Amino acid sequence: MRIPAHSVCTAIRDDIVAGVYERGSRLTEEPLARRYGVSRVPVREALRTLEAEGFVVTRRHAGACVAEPTEQEAADLLEMRLLLEPLGASRAAQRRTEAHLKVLRGLVRLGQERARRGGSEDLRSLGGWFHETLAQACGSHALSSTLTRLRHKIAWMYTVETPADPVESWAEHGAIVDAVARGDGERARAITALHTERAAAAHRLRFAGGGGAERVRTSQHAVNMSGRRH
């Protein structure tokens, strides 16, 4: 069975974000094909997509390498998110479906419960699902896909400190959903802007200086599966 290129792309992107491949390290088609259990064709297609997304660069005499973004490029991503997340929430207030609301409310309930109990790892995962669902609810593929790429790149470039008050943070998630459910785009935009600004202050750059090493850690991803979230 031919493995879709987007599945290979997702696996490589996830491993770049996780630090399996360091900044500046080479990404050679044949070893990647062996690693993910696929032919070189979907690997080649995946590398082209990842280059368009900014995770990969092609260098003369070296081929495909993991990109090495500057601190300014990293800062620009946070600024873009500050602008686009509130826009997405405002659009979601007008275009969300009942299915979106059901998922968002469920995530808020879980998040608030975990926040009261503690457990930062669960909260980070739930927060990611919340913002991905909110972006999907905006009814614009262009906007939601842009927000998804931003989240991937921000997760690659930054570590995020645990909120000083996770309960308050999840109360903000709940307020966003309430505004979206009421169709109040302006309030959804305002609360999301405040929430995103506070979250941005907790981001710390992962890198200090250039990469270049070709060390590869143990991958947690396999591609030979019937389905994979993209």
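Which classes, nonpolar, polar or charged, do the residues in the lining of the largest cavity belong to?

## The model

This is a predicted model, where local features need pLDDT of at least 70, side-chain atom pairs count only at pLDDT 80 or more, and totals for chains, interfaces and linings use all residues. Residues are numbered from 1 along each chain as its sequence is written, and side-chain values use heavy atoms, with hydrogens and water left out.

## The cavity

The lining of the largest cavity has four nonpolar, two polar and one charged residues. Ala, Val, Leu, Ile, Met, Phe, Trp, Tyr, Cys and Pro count as nonpolar; Asp, Glu, Lys and Arg count as charged; the others, Gly among them, are polar. The lining residues are L78, R81, L82, T196, A199, A200 and H203.

A cavity is a set of points on a 1 Å grid over the protein atoms alone where a 1.4 Å probe fits but cannot get out; lining residues have an atom within 4 Å of a point. The volume of the largest cavity is about 40 Å³.

## The helix pair

Helix α9 (residues 185-200) also packs with helix α8 (residues 166-182). Helices are DSSP runs (H or I, at least four residues), numbered from the N terminus. The angle is about 160 degrees, and the axes are 8 Å apart. Therefore α8 is roughly antiparallel to α9 (an angle over 145 degrees).

Notes. Axes fitted to C-alpha atoms, helices over the stretch in contact; angles between N-to-C directions. Helix = DSSP H or I, 4+ residues; strand = E, 2+ residues; numbered from the N terminus. Parallel < 35°, antiparallel > 145°, perpendicular 65-115°, else oblique. 1 Å grid on protein atoms, 1.4 Å probe; cavity = no way out; pocket = protein on both sides within 12 Å on 5 of 7 lines; lining within 4 Å. Points joined across faces, edges and corners; volume = space filled by probe spheres on them.
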